[in-house]
Amino acid sequence: KNMKIFVVATRNEDRPAEDFAPLMDPEADYALKLYKEGFVREIYSRTDGKGALVVVEATNEETALETLSNLPLAKAGLLSFEVYGTTAYRGIIRGI
């Protein structure tokens, strides 16, 4: 069974913008592929310009991280992830 997983993707600030530039289109293409496949459910650019916030669906955090590690920026060592699995908030469950 899949769960919603929240991901904080952070750009490697030790690397210059020139390292990112040639990978931005392939990164967007791969993210769109993951969206079409239903893995990525929501994706947002961070207003601080340091990465993205992503909601994905996977069986667990490890599977999510494994899939995310195939993104071009991650493969190049330009993007890291914080991955948080979720469950329904107990207050909402109690009120239903």
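Start by selecting Arg 46, which sits in the loop between strand 2 and strand 3 (strands, E, at least two residues, and helices, H or I, at least four, are DSSP runs numbered from the N terminus). What you have open is a predicted model, where local features need pLDDT of at least 70, side-chain atom pairs count only at pLDDT 80 or more, and totals for chains, interfaces and linings use all residues. Residues are numbered from 1 along each chain as its sequence is written, and side-chain values use heavy atoms, with hydrogens and water left out.

Is Arg 46 buried or exposed? Arg 46 counts as buried, at 18% relative accessibility (buried is under 20% relative accessible area, exposed over 50%, partly exposed in between, with a 1.4 Å probe and protein chains only). Show its contacts (heavy atoms within 4.5 Å): leaving out residues up to four places away in sequence, Arg 46 touches Val 8, Ala 9, Thr 10, Gly 51, Ala 52 and Leu 53.

Colour the four strands and you'll see an open sheet in the order 2-3-1-4, with antiparallel pairing (two strands pair if DSSP finds at least two bridges between them). Strand 2 and strand 4 are at the edges with a single partner strand each, so one side of each has no neighbour in the sheet. On average, neighbouring strands are turned by 20° against each other, direction ignored (axes are lines fitted to C-alpha atoms, for helices over the stretch in contact; angles run from 0 to 180 degrees between N-to-C directions).

Walk across it pair by pair:
- Strand 2 and strand 3 are antiparallel and joined by five bridges; pick Ser 45 and you'll find Ala 52 of strand 3 as its bridge partner.
- Strand 1 and strand 3 pair antiparallel over eight bridges, with Ile 5 opposite Val 56 in strand 3.
- Strand 1 and strand 4 are antiparallel too, with seven bridges; here Val 7 stands opposite Val 83 in strand 4.

Stay in strand 3 and click Val 55. Val 55 counts as buried, at 7% relative accessibility. Beyond four places in sequence, Val 55 touches Lys 4, Ile 5, Phe 6, Phe 39, Val 40, Arg 41 and Glu 42.

Next, Arg 11 in strand 1. Arg 11 is partly exposed, with a relative accessible area of 28%. Draw a distance to Leu 79: 4.6 Å, C-alpha to C-alpha, across 68 residues of sequence. Its contacts outside four places in sequence include Phe 20, Lys 50 and Leu 78.

Bring in the helices. Helix 2 lies across strand 2 and strand 4, at about 145° to strand 2. Helix 3 (residues 61-68) packs on the sheet too, touching strand 1, strand 3 and strand 4, and its direction makes about 155° with that of strand 4.

Last stop: the largest pocket, with about 440 Å³ of space. A pocket, on a 1 Å grid over the protein atoms alone, is an open set of points where a 1.4 Å probe fits, with protein on both sides within 12 Å along at least five of seven lines; lining residues have an atom within 4 Å of a point. Volume is the space filled by probe spheres set on the points, which are joined across faces, edges and corners. Of the 22 lining residues, select those closest to the centre: Glu 27, Ala 31, Ile 43, Gly 51 and Ala 52. Which helix gives the most to the lining? Helix 2 does, with seven residues.
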